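Colleague: I am new to reading protein models, and I would like to learn how to go through one feature by feature. Could we take this one together?

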Amino acid sequence: MDSNGPSITVTKEERGRSGTTAVVSQDEDVDPIPPQEGYTPSIIKSLIFYPLATLPLFLGLLAAYWLQPQWIWLTCWKCPLDRAVFVVAKGTDGKYVHLVRTFTVDLGGWRETTKYIFHSSLRYLFNEKEGKFCLLRGHDQNTSCESIHNMINGLSNEKHLEKFVRHGPNSIDVPVTPYYILFIEEVLHPFYLVVAFSVALWIYEYYYIYSAAIFFTSGVSAVTSLFMTRRNLQQLHDIVKHSSLVTVIRGGVEQYNVASESLVPGDILVIPPTGMTMPCDAALLTGTAIVNEASLTGESIPVTKTQLPQIQDIYRSDRFKRHTLFGGTHVIQTRFYSNSKVLAVVVNTSFLTSKGGMVRSILYP
């Protein structure tokens, strides 16, 4: 596994410029190895559960829909994570059920199949040494500043393809749920099922006007909630969606008009003199840049970014803020010397960027 493989270290020690040693923890909002359990479907349990779940007006199936971790426990056997079909992982507000997926890298006869899950919009790869699914990081927190400088020639096309398969597209994509799915999720909420039971009870007792009033007010509430949820998802999707054409260096050669979605950790970005909106988090390697970070910090005063020092310290974007161009911020202009270009190396993409972290805090409060 290369340096971009899953991070299995919870804390790292790094020596500061003053020579003192400090312990730096992982980001508080990202759990590199969340508590997790593996399950595989059981034919015996399923043959017992599903007939019983359909008997009392399908209430058992509704309970399974509401309580998915319990549904997995009732229909699956617990097993090691390397043989799991489903993974139950603990999130910020409860447990989530994830389907285990795979991707295959096939380059020049070398073939590798890796299992992974999506947890809180982040990709976790199965680590055979740990026996768990571990967070796939970029070059933040597991690469030294000197090693980042050594990437200045860029990735080869083969290495870029391998990393693209591993990390996925550089896109913060907030899914906009269709209306019919939102409607089904809304009417299957326990509150509206209780309302339906109440309406049926009042009709049985011949309180037609009262039951009609309950039905009407609940229907208006459900439709209003549906449209507001859809509108908020669409607005968030439109705000965070970003696509642009960038110039990168791969194999020591400049490549123009490359889609920003294809960027991976280790790519070398050429920052134009007229500036750009950053599609990812990147460490500045050469030159200086004046950046407007109002979209992240709210500060309207531009800040100056300088090149990352070539030292042995482990790179962290929160520690080396003065040398990091954060995703979503706007580079106003750059300065370079002796006709050299202003270069930056991609350290994080997609939901692992600072912008992606803000979106995750909205989606998973």
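Modeller: Gladly, and please keep in mind from the start that this is a predicted model. Let us begin with a single side chain, tyrosine 179, which has a relative accessible area of 38% and is therefore partly exposed.

Colleague: Which label does phenylalanine 227 get, buried, partly exposed or exposed?

Modeller: The general idea is that buried means under 20% relative accessible area and exposed means over 50%, with partly exposed in between. Phenylalanine 227, at 47%, is partly exposed.

Colleague: How are the rings of tyrosine 179 and phenylalanine 227 placed, and why is the pair called tilted?

Modeller: For two rings one looks at the distance between the centres and the angle between the planes, where under 30 degrees counts as stacked, over 60 as edge-to-face and the rest as tilted. Here the centres lie 5.5 Å apart and the planes stand at 50 degrees, so this pair is tilted. Because tyrosine 179 belongs to helix H6 and phenylalanine 227 to helix H8, the pair ties together parts that are 48 residues apart in sequence.

Colleague: Where does the charged end of lysine 45 sit?

Modeller: The charged end of lysine 45 sits over the ring of tryptophan 73, at 5.6 Å from its centre.

Colleague: How many aromatic pairs does the structure hold?

Modeller: There are 11 aromatic pairs in the structure, and one of them joins phenylalanine 103 and tyrosine 116, with 5.6 Å from centre to centre and 45 degrees between the planes, which is again a tilted arrangement. Phenylalanine 103 lies in strand E7 and tyrosine 116 in strand E8, so this pair ties together parts 13 residues apart in sequence. Phenylalanine 103 counts as buried at 8% relative accessibility, and tyrosine 116 is buried too, with a relative accessible area of 10%. Ring pairs also link Phe103, Tyr116 and Phe118 into a cluster.

Colleague: What should I look for in a pocket, and which residues lie nearest the centre of the largest pocket?

Modeller: A reader can ask about the volume, the lining and the kinds of residue in that lining. The largest pocket has a volume of about 1,100 Å³ and is lined by 30 residues, with Tyr96, Thr177, Glu185, Leu363 and Tyr364 nearest its centre. Among the elements that give two or more residues to this lining are helix H2, helix H6, helix H8 and helix H10, while the largest share, five residues, comes from E6. By kind, the lining divides into 16 nonpolar, eight polar and six charged residues.

Colleague: Finally, in what order do the strands of the open sheet of six strands run?

Modeller: The order is E12-E11-E13-E20-E15-E18, with antiparallel pairing. Strands E12 and E18 stand at the edges with a single partner strand each, so one side of each is left without a neighbour in the sheet. Strand E15 pairs with E18 in the antiparallel sense over two bridges, and alanine 282 stands opposite leucine 325 in E18.

Note on methods:
Residues numbered from 1 in each chain as written. Predicted model: local features only at pLDDT ≥ 70, side-chain atom pairs only at ≥ 80, totals over all residues. Heavy atoms only, no water. Pairing = 2+ DSSP bridges. Helix = DSSP H or I, 4+ residues; strand = E, 2+ residues; numbered from the N terminus. 1 Å grid on protein atoms, 1.4 Å probe; cavity = no way out; pocket = protein on both sides within 12 Å on 5 of 7 lines; lining within 4 Å. Points joined across faces, edges and corners; volume = space filled by probe spheres on them. Nonpolar A, V, L, I, M, F, W, Y, C, P; charged D, E, K, R; others polar. Phe/Tyr/Trp six-rings, centres within 6.5 Å; stacked < 30°, edge-to-face > 60°. Buried < 20%, exposed > 50% of the residue type's maximum accessible area, 1.4 Å probe, protein only. Lys NZ or Arg CZ within 6 Å of the ring centre and 35° of its normal.
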